[in-house]
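Please look at the sequence and the structure first. The paragraphs that follow lead through them step by step.

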Amino acid sequence: METEKIIATLHPFERKVLPILKDESSFDKVAEKAKLQKVEVMRAFQWLENKKLIRISKQLNEQVTLGQNGLKYKSHGLPEKAFLQFVMQHEPCSLEELQKGTGLSREEFSICLGILKSKHLIDLEKKNTLLIRLSTQAKLEGKKASVLNQLSEVEDFLNKSFPIYTSQLKDDEKKVFEELKKRKEIVKVNIVKIINAEPTEAGKKIIGHGIEEKDIIGRLTPDSLKSGSWKGKELRNYDVTINVPTISGGRIHFVSQAIDYIKKIWLDLGFKEMNGNFAQTSFWNLDALFAPQDHPSRDMQDTFYIKDPGRGKLPKELVNKIRMAHENGWTTGSKGWRYKWSEEMAKEILLRTQTTVLSAQYLSRLKKENLPAKLFSVGKVFRNETLGWKSLFEFIQVEGIVVDPNADFSHLKGYLKEFFARMGYSDARIRPAHFPYTEPSAEVDVWHPGKKQWIELGGAGLFRPEVVKPLLGFECPVLAWGLGMERTIMEYYSINDVRDIYKNDIKQLREIKLWMK
Amino acid sequence: MPTININRREFEKYAGKKLPTDKLKDRISYLGTDLEEANDNEIIVEIFPNRPDMLSMQGFSRAFSSFIGVKTGLRHYEVHHSKDKVIIDRSVKDVRPYTACAIVRNLHFDNEKIKEVMDMQEKLHITYGRNRRKAAIGIYPYEKIMAPITFKAENPQDIIFQPLEFSKEMNGLQVLKQHPAGKEYGHLLDGMKKFPVFRDANNKILSMPPIINSHNTGKISEKTTDVFVECSGFDFEVLKKCLNMIVASLHEMGGSIYSMEILDGNKKSITPDLSPEEMKADISFINKWLGLNLNEKEIKNLLSKMGYGFKNKKALIPAYRADIMHQVDLAEDIAIAYGYENFREKIQPVATIAEEDKFEIFKRKISLLLAGLGLLEASIYSLTNEESQSIKMNTKAELIGLANSISSDYNKLRAWVVPSLIEILGNNKHHEYPQKIYSIGRIFKKNMSSDTGIEENEVLGITLASEKTDYTEIRQILDYLLRSIGVRYEPAETAHSSFINGRVARISANSKNIAFIGEISPIVLENWQLEIPVSALELNLTELFRIINKQ
């Protein structure tokens with residue numbers, strides 16, 4: 001049963017090759033007998049080996065083929081034979097006569113002379129000039145034919161069917177081969193890999209069982225479908241367990257995938273997306289968020305400022321409210337920061353250090369009838385830091401606000417917990433922190449079960465009335481958070497160097513797994 | 001942010017309780033300070049900028065002791081009256097107009113204590129004092145000083161004294177040039193004809209604030225028992241707070257606080273004033289803000305864990321607290337005392353309508369289309385440099401520069417995306433071709449009609465690198481993309497020195513330029529050491545989206 005099942009998976013090439021291996025082991029011979037191209041036999045060999053039906057052995061061998069002169073001598077005869085025949089007819093003869101008569105080149109001529117001399121077939125006689133005659137020994141041989149036979153072993157060699165392998169040569173053939181190797185361009189020697197195969201026990205079983213010469217279809221073709229020629233024939237079974245070559249395709253970057261996922265969480269929770277510029281005035285990025293102009297937080301953030309244009313325009317209707325909020329708390333009941341607020345400083349252009357700038361801008365556009373409002377953004381923010389294995393100058397912040405007269409601190413905890421649960425963190429906590437624009441302020445940590453420690457992922461809080469009232473026009477609790485994202489991505493992809501997230505290594509982009517959350 | 005590094009045993013003495021390390025770590029985190037390290041010998045804690053009063057061993061352990069319930073409630077700081085005077089001369093009004101001063105007696109200094117005091121002074125300088133700009137602090141051995149003390153401004157050449165840790169006398173200008181503190185803080189006196197100075201009744205110079213004390217009258221030693229403390233600056237309220245933080249800590253070191261009379265023209269003030277400030281604690285507001293249901297007694301108890309008193313529905317704010325501006329600040333302290341970990345996690349049952357930004361949806365659709373064509377998305381920084389944007393691209397892009405980037409590789413906002421993509425190709429030469437990549441990102445150009453003077457557009461950049469890539473291939477992608485979203489376009493010949501002449505086109509739709517496409521010039525390829533042809537496209541998605549919305 002097993003045997004038949006295997007037979008059904010055999011490709012036509014395998015079907016041709018396997019029975020031949022019963023008597024033949026050499027790759028070349030198999031190819032010849034199977035009447036297949038070598039690549040086809042090679043594939044059949046590999047497939048059969050994968051199925052453990054044959055064992056393949058490879059060895060290096062000297063392969064002999066004929067050179068330029070070898071081919072010439074094979075068709076036109078050996079030069080030494082022509083030489084000897086001339087001597088037999090015209091002896092004694094001078095070297096000049098001989099060379100003219102045979103038409104041999106000077107080089108060939110001297111080789112022939114050497115060969116025939118060493119075989120004692122000719123003698124040299126020195127008179128006025130050098131004369132050549134048949135040797136006494138050759139004369140004793142009598143018949144011409146038998147003299148010439150002395151050269152037949154070389155002729156036989158040349159008449160073999162090439163290529164041949166030195167390992168296959170008999171001892172006397174080896175001698176001839178060694179001689180020929182010394183001569184110019186008669187034989188060529190290459191080192192080649194010899195492939196042999198022999199059936200394994202399983203292979204022998206199949207050969208013994210016999211492979212039916214069936215008309216098997218390898219691939220369905222439009223023609224065979226049109227004509228119906230596939231009918232009554234069998235479609236070859238594949239070995240479906242075999243490995244296939246890898247491919248890769250187009251992809252959305254894994255950071256974009258993660259962003260899409262995070263956006264979907266907030267959308268599912270009923271939030272509306274915010275969007276806005278990267279370049280902002282200090283007014284929106286800092287002053288509207290009640291960061292005093294001399295506060296250490298303004299240096300702490302290591303802000304990128306724009307050289308030119310260096311100053312922007314401020315929203316007229318808000319400038320005075322913000323000024324007063326800073327200087328004396330305006331009508332919020334706060335004492336304010338108690339310093340002289342500078343409008344010029346608020347005009348400075350910077351790259352946003354927090355997407356909270358968007359929250360401030362959206363707050364300023366909200367009306368009472370829009371409440372409750374829940375807003376989010378996932379966007380780039382910038383900090384003037386050097387690029388390092390754990391610091392980027394440009395990264396992604398996940399921002400959210402809930403503007404609702406009935407919202408309170410416990411809801412802040414609720415939203416954060418829900419978000420992180422959907423991000424796959426079983427536990428999230430908040431602990432006290434400080435930001436100029438929130439009160440209470442909280443640091444957000446998530447529990448890392450692998451590292452068994454809390455990891456800081458962002459900040460949160462309720463916007464201070466000094467932030468809300470000037471922007472919104474009335475007081476209202478606003479829950480707010482700004483969370484980092486790169487750390488979660490690093491964890492998910494086991495990336496240790498944060499720069500690798502934006503490395504754009506094409507191999508990485510082709511092979512990295514999808515964001516599977 | 002500043003950290004304090006304190007001896008654990010000393011700390012436990014001040015706090016009045018020993019806690020196991022685990023518990024200690026936990027409580028420090030929930031007090032609103034960031035724990036850096038806690039072992040058997042020392043504790044390192046980061047103090048947030050809103051709590052400068054915690055920037056000393058005494059201040060931090062005071063807060064901690066209340067928080068863990070050992071020594072709760074408002075602390076009373078007795079201020080003895082002294083008739084010693086500090087006179088603010090009119091001359092200093094244009095330079096550094098205010099000072100708040102105190103005397104603390106009966107201290108016992110050793111090297112350790114002297115260092116503690118100097119640490120506190122330095123950390124307050126940096127944080128609450130905004131690097132001495134807003135408040136500068138001087139602490140002097142009072143036995144070497146004779147009251148009344150005058151705060152005045154003088155010609156720098158006339159301010160001749162021996163600055164701290166220097167062996168010779170010099171004048172005010174020389175101090176700025178030669179003394180390390182003068183070099184560091186001299187800019188605070190920029191443009192001033194006269195420098196501020198404290199002199200005692202014998203006309204001895206005590207210091208030249210905000211720079212340096214005198215070596216003779218301004219250096220605390222182990223023999224010192226009484227100190228004169230002054231804070232100088234521009235806002236009397238700020239200086240009084242700063243003074244309170246210092247004298248409260250000195251009091252906890254065992255000192256007795258004595259007030260001084262500050263004579264400012266016709267006005268007489270007595271400093272320090274350590275009586276608590278009152279703020280109405282509106283119970284319903286606090287409960288609503290925090291989502292709690294606390295009664296008055298609970299509020300009182302919680303406030304007392306944060307060092308407050310409570311009387312007649314009013315919170316009594318400790319005089320060293322500088323961060324209580326509004327009731328929400330009380331609410332935060334109540335929340336900390338209540339324990340952030342003890343709040344419930346609730347989600348409001350209100351219906352709001354989710355809405356994704358339309359442009360973001362559009363961008364994702366484009367992205368999916370390109371991925372479908374077998375392109376890989378790259379994720380690229382918005383910051384780059386001129387070499388990449390212009391020089392290697394054989395062109396001159398109009399770039400907006402950053403004023404203060406610490407990296408020369410990233411000191412410009414990009415004007416186009418294609419150079420970054422080509423840079424990626426340059427970094428990936430060892431990987432298999434074809435390499436087809438795209439990126440969607442923001443580009444920047446000057447436009448004075450916008451509020452920031454900068455116009456931002458989102459663009460799509462594509463580069464195709466392969467032996468066979470050409471104008472046709474990249475144009476087919478553009479054609480497919482624009483057909484897919486139903487936008488008709490017109491190609492036109494154009495010149496662009498980053499591309500091969502005659503193989504680059506400008507694309508317009510609705511008579512707006514939206515893209516240019518073509519084969520990258522071999523000059524550019526050579527600049528990036530690329531040995532493979534590249535075709536590229538840069539398409540303005542912001543403009544394209546506008547066109548679609550008009551259609």
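How far apart do the C-alpha centres of domain 2 of chain B and domain 3 of chain B lie? They lie 36 Å apart. This is a predicted model, in which local features need pLDDT of at least 70, side-chain atom pairs count only at pLDDT 80 or more, and totals for chains, interfaces and linings use all residues. Residues are numbered from 1 along each chain as its sequence is written, while chains are lettered from A and ligands numbered from 1 in the order in which they are written.

Start with the domains, whose bounds come from an automatic or database domain assignment. In chain B, the assignment gives domain 1 (3-67), domain 2 (79-271), domain 3 (282-316 + 323-341) and domain 4 (358-550). Chain A is divided into domain 1 (2-59 + 190-235), domain 2 (68-188) and domain 3 (256-511). In chain A, the C-alpha centres of domain 1 and domain 2 lie 48 Å apart.

Confidence comes next, given as pLDDT, the predictor's confidence in each residue, from 0 to 100. Chain A averages a pLDDT of 89, and 97% of the residues score at least 70. Helices (H or I, at least four residues) and strands (E, at least two) are DSSP runs, numbered from the N terminus. Within chain A, the lowest confidence is in helix 17 (residues 296-300), with a mean of 63, and the highest is in strand 9 (residues 272-273), at 98. Where pLDDT is low, the predicted coordinates should not be read in detail.

Now turn to the strands, where two strands pair if DSSP finds at least two bridges between them. In chain B, seven strands form an open sheet with mixed pairing, in the order 11-10-9-8-5-14-15. Its edge strands are strand 11 (212-213) and strand 15 (267-271) of chain B, each of which pairs on one side only. Strand 9 (residues 195-199) and strand 10 (residues 205-208) of chain B run antiparallel and are joined by two bridges. Here Phe198(B) stands opposite Ser207(B) in strand 10 of chain B.

In chain A, strand 14 (residues 428-432) and strand 15 (residues 438-448) pair in the antiparallel sense over five bridges. These two strands of chain A form a hairpin with five residues between them. Arg431(A) stands opposite Glu443(A) in strand 15 of chain A.

Finally, consider where the chains meet. The contact takes 83 residues from chain A and 82 residues from chain B, with two residues in contact if their C-beta atoms, placed from the backbone, lie within 7 Å. On the side of chain A that touches chain B, the largest share, eight residues, comes from helix 21 (residues 409-422) of chain A.
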